[in-house]
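Let's take a walk through this one together. Have the sequence and the model open beside you.

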Amino acid sequence: MSARTRRLAAFTGAIAALAVALSSCSAASSGGGGGGASGSDSSEPGTGGTAVGFIMVGPKDDFGYNQAVYDGSEIIKKKFPDLKVITAENVPEDDNAARTMEQMIDKGAKIIFATSYGHLDAAVQVAKDHPDVVVIQQGNTITDTVEPNMGTYFGTVYEPMYLAGIAAGKATKSDKLGYVYAFPIPQTIANINAFERGAQSVNPDAETITVSTSSWCDPAKQRSAADSLLSQGVDVITQHQDCTKTVIEAAEAKGAMTVGYHADASSLAPKGWITGAVWNWGPLYTDIVQTIVDGKFVGSEYNANYRVGYKTGENPFVLAPYGKVVDAQTKAAIETAKAFLSTATGSPFVGPVIAQDGSIAVAAGKVPTYAEVDGMNYFVKGVIGKLSS
Amino acid sequence: MTTTLPAPRSEAPLPVAPPEAPASDRGARLAQATVRWIAALGGAFLIFSALLISKNANPLTVYTDAWNSTFARQQSIEDIVIKMAPFVLAALAVVVPARAGMANVGGEGQVIIGAVAACGTAMAVGDALPGVTVMVLMMLAGMVAGALWAGIAGAMRLLLKVNEAVTTLLLNYVALDVLLFLIYQPWRADPTGQPATKELQTAAKLPLLAGTTVNVGIVIAVIAVVLVWIALSFTTWGFSLSVVGGNAEAARRAGLPVAKLLLSALLVGGALAGLAGMVHFAGVEYKLRPGFGAQIGYTAFLASWLARHKPIPVLLACFVFAALTVAGDSLQLDAGLPAATVNILTGLILIAVLGWTTSTRKANS
Amino acid sequence: MSLVVDVLAGGVRGGTSIMYAGLGETVSERSGVINLGTEGAMLVGALAGYAVTAETGSPWIGALGGAAAGALLASIHALLVVVRKANQFASGLTLLFLALGVTSFYGSDYVGKSINPFTKWDVPGLSDIPWIGEIFFQNDPLIYVSYVAVPLIWFVLFRTRMGLLVRTAGERSDSLTVNGYSVERIRSAAVIAGGALSGLGGAHLSIAYANAWFENMVVGRGFIAVALVIFASWSPLRVMGGAYLFGSALALAPALQARGYGVNQFALDVIPFVLTLLVLAVLGKRTLAAAPDELKRVFENAPAKT
């Protein structure tokens with residue numbers, strides 16, 4: 001075949017394709033007022049849809065964060081048989097997230113859960129383009145004005161991490177605790193600080209050494225991080241990673257103890273399991289979806305940066321079952337602390353809170369609000385590791 | 001557009017091109033090639049169908065859903081066109097050096113460096129200048145940075161005789177680490193939170209084509225295709241590159257400045273890839289993030305091969321790759337398959353085209 | 001001192017998967033075929049190793065499964081570039097895409113599944129040697145296998161008839177043809193053997209090092225292996241040293257962080273690539289002189305002599 005004919009054919013094809021693309025573009029009406037909503041009775045955002053979408057940053061069966069989201073979406077499937085539940089895994093935290101959400105909207109979704117911290121930008125963009133769709137984001141905070149069809153929600157995961165810190169502080173023999181984390185986002189910083197303060201509350205000598213992997217899930221880097229911590233004499237390891245198996249097994253193999261995160265992984269560490277913060281999104285997801293389909297979203301507590309903790313009840317985080325290493329005295333101490341956190345002035349960060357550099361971060365007697373904890377940008381004293389790494 | 005029709009090409013045949021076959025032969029060969037392509041692509045789809053069946057997915061449903069949500073939906077088509085623009089530019093970055101017989105495997109890194117330069121420029125000038133000026137500066141910065149990045153490989157080839165395929169490949173990872181280093185520390189917008197740069201000022205974002213979500217990147221890409229096609233087919237420079245690509249030794253003996261030609265091809269290639277990075281940054285992402293531009297360079301490298309390193313077919317090849325990416329969404333949302341499943345189809349199609357659409361005799365030339 | 005031991009021990013443990021892949025790439029390139037699909041071979045090796053271990057309960061069988069999967073993927077490369085004469089770079093990258101897709105497609109069943117992995121085994125006596133013991137002899141069995149594999153591969157390549165054939169295919173393939181050997185067969189065998197080693201490297205990652213399978217878990221280690229082969233100028237022994245060096249560079253960031261230092265990890269991650277570029281720049285012609293001649297032809301885009 002001559003180069004010329006082939007080139008001609010390919011070129012014509014390309015131009016045709018482009019023409020199709022551009023001509024169909026010219027008829028555009030990008031987003032905006034109620035595209036496919038079958039003229040439903042109400043103009044409330046999020047109503048009249050046939051589906052609910054969930055986007056996740058990792059695989060739905062990661063023994064961790066995304067699995068918890070998926071389990072929550074399964075509850076929605078059961079509770080709302082009329083709504084189709086569409087899930088998308090491994091959605092990166094860039095423009096692809098917006099594209100995936102758009103596709104879900106096209107398939108009838110009027111409610112979208114964007115469940116990773118880094119999905120916020122895309123979620124805001126989609127919400128602005130589709131005022132008829134409610135987009136809610138898990139774990140981040142909107143610092144600008146919250147659109148009437150947006151919101152963020154999260155639980156005070158640092159509270160159970162504080163309780164787990166108590167267990168870790170009691171269990172450690174070397175007084176060195178290890179923390180493997182991904183990125184220094186406020187959520188993670190609050191967890192690390194709460195864990196260290198929980199440990200300090202029962203063991204003033206306890207310190208928490210931190211190592212970041214710069215990835216939500218890179219098992220080989222996790223192994224390397226765990227090895228480094230263990231060789232420093234750490235005997236309790238916990239983590240803020242989406243996939244948690246590698247770190248737990250590395251600790252167990254070296255005879256160290258583990259505090260879990262996201263999921264009950266006691267089966268992975270029969271000897272060293274202490275406890276962990278475990279998610280139970282079902283009830284909160286159900287309530288959010290119910291509020292939206294009832295047309296009551298705008299102005300509701302979910303149309304904001306919603307936070308739920310021990311004092312508001314229904315914390316989506318529960319403490320995982322205790323392992324063998326936790327004795328009765330420790331369990332009692334945890335119960336006492338939990339009762340304290342459930343009071344109006346209870347918090348892991350009741351002042352004085354002293355930051356790593358010795359400055360006073362929270363004045364004596366002061367109780368920081370949820371929002372203040374969400375903005376935490378310092379490590380407390382006793383945490384080893386630099387934040388800006 | 002009509003001026004770009006390849007008609008004049010036959011009047012100025014390149015010496016390295018195979019001699020034109022007599023017309024009678026041509027029809028037969030065209031038919032043969034068509035059969036080859038259909039058989040190869042059919043095979044790829046057949047194997048993919050078998051894999052789908054192995055996962056209890058009905059191939060017919062999967063293909064229908066994918067087709068409908070990819071081509072029967074305006075937003076999807078716009079998405080394809082948006083995705084296509086950086087692919088096309090980065091593929092041209094392979095086409096130009098390939099004409100001189102060089103393999104630029106470094107598109108991945110040149111795209112990133114182009115975006116880094118564009119972002120750095122936007123941060124440096126801030127809001128002081130009008131948006132259009134910032135855009136032009138970003139474009140220039142992206143192209144210069146991409147060219148310099150490729151130029152490292154060019155210099156190593158000319159001065160040290162180190163092959164460019166090796167160096168461009170290595171430089172990809174250096175570029176990636178440069179990007180990550182910058183967004184983790186010096187350029188980080190927020191000391192806490194996930195690492196990313198500040199969002200590009202609104203005025204400097206690439207404008208959209210009227211009434212669509214498509215940025216002007218595609219227009220830049222199409223213009224680049226036409227310019228590259230003209231440069232390669234109708235200029236002395238393009239002609240000389242083909243001679244060098246055909247036989248560098250003979251070119252040297254004929255008195256062509258081989259070193260300069262090789263370097264210029266790599267620089268132009270790098271500039272095009274840098275431009276791709278700028279378009280992706282200022283047209284789509286607006287921020288540098290850890291996964292920025294991932295696989296644009298490699299996808300474009302393969303697109304260029306699919307198009308046999310010819311500028312105009314590159315448009316079609318990139319359209320196919322962009323469409324496959326968008327179709328991947330449907331595999332996940334409709335069929336519940338992992339999103340990366342579409343990579344299997346991409347791989348199978350490439351294997352079919354690379355291995356079975358040309359006779360083995362000329363495939364490697 | 002403990003920092004040095006930590007980093008070196010981390011280098012051996014984390015560098016071994018890169019070493020296996022580097023050895024595989026060395027064998028392949030010695031025969032005149034470059035395979036940029038090493039990353040893909042590691043991915044399928046990681047998944048197959050994990051899946052087979054999960055199904056059979058034996059990490060040894062799992063390791064073989066990983067090697068087999070790597071070999072299978074590489075056989076496509078052999079078919080494309082050796083038999084069908086397709087471009088080597090394009091074919092390798094194609095296999096990367098294919099592997100990403102296949103492992104994600106079949107891998108979702110194994111994410112989060114528990115296995116019985118390789119466990120650390122201290123070599124009696126040797127593991128007690130100060131420093132050396134901690135670095136080299138308190139590791140998993142696949143690392144010990146690599147201590148044997150490296151000299152063995154060197155021996156086969158440079159001291160046996162089989163190795164001579166492979167090297168001749170990479171240096172002067174026409175002389176093989178003259179003597180009645182099939183260059184295609186020799187090259188295919190080398191590429192497939194190389195794929196098996198890369199697959200084994202991937203399996204080391206999933207069933208001995210991280211004990212987990214996750215989508216795209218190799219994240220660039222296959223490309224580090226490609227750089228490693230050049231860094232080591234196609235010598236299996238130097239591949240071993242280079243793998244430990246690169247592995248140590250990767251282990252340095254967490255080791256420093258665990259001691260309270262702030263580190264920008266990416267300034268360290270770049271070391272393998274910059275070192276390789278520097279070696280090329282400084283040794284330039286000398287490094288390239290070590291490259292198999294037929295490989296140079298591939299680089300120079302000249303038609304292969306077969």
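This is a predicted model: local features need pLDDT of at least 70, side-chain atom pairs count only at pLDDT 80 or more; totals for chains, interfaces and linings use all residues.

Residues are numbered from 1 along each chain as its sequence is written, while chains are lettered from A and ligands numbered from 1 in the order in which they are written.

**Two domains in chain A**

Chain A splits into domain 1 (51-155 + 281-308) and domain 2 (158-279 + 316-384), with bounds from an automatic or database domain assignment. Their centres, taken over C-alpha atoms, sit 27 Å apart. Across the boundary, 17 residues of domain 1 of chain A are in contact with 17 residues of domain 2 of chain A; contact means C-beta atoms, placed from the backbone, within 7 Å. On the domain 1 side, α2 (65-79) and β11 (305-308) of chain A each give two or more residues, and α2(A) has the largest share with four residues. Helices (H or I, at least four residues) and strands (E, at least two) are DSSP runs, numbered from the N terminus.

**Chain B meets chain C**

Here 44 residues from chain B touch 44 residues from chain C. On the chain B side, α6(B) gives the most, with eleven residues.

**A helix with a buried side**

Helix α9 (residues 282-293) of chain A has twelve residues and reaches 16 Å from its first C-alpha to its last, close to the 16 Å expected at 1.5 Å a residue; that expected span is 1.5 Å times one less than the number of residues. Which residues of α9(A) are buried? They are L284(A), Y285(A), I288(A), V289(A), I292(A) and V293(A). Because these cover an arc of only 160° around the axis, they lie on the same side of α9(A); the arc is that of the directions from the helix axis to the C-beta atoms. Buried means 20 or more other C-beta atoms within 10 Å of a residue's own, with C-beta atoms placed from the backbone. Among what covers the buried residues are β1 (51-55), α2 and β11 of chain A.

Most residues other than glycine have a negative phi, and most peptide bonds are trans. Two non-glycine exceptions on phi are tabulated here.

| Residue | Phi | Other C-beta atoms within 10 Å |
|---|---|---|
| Q295(B) | near 70° | 21, buried |
| N211(C) | about 50° | 28, buried |

In chain A, the peptide bond from G351(A) to P352(A) is cis, with omega near 5°.

Technical notes. Two residues are in contact if their C-beta atoms, placed from the backbone, lie within 7 Å. A residue is buried if 20 or more other C-beta atoms lie within 10 Å of its own, exposed if 12 or fewer, and partly exposed in between; C-beta atoms are placed from the backbone.
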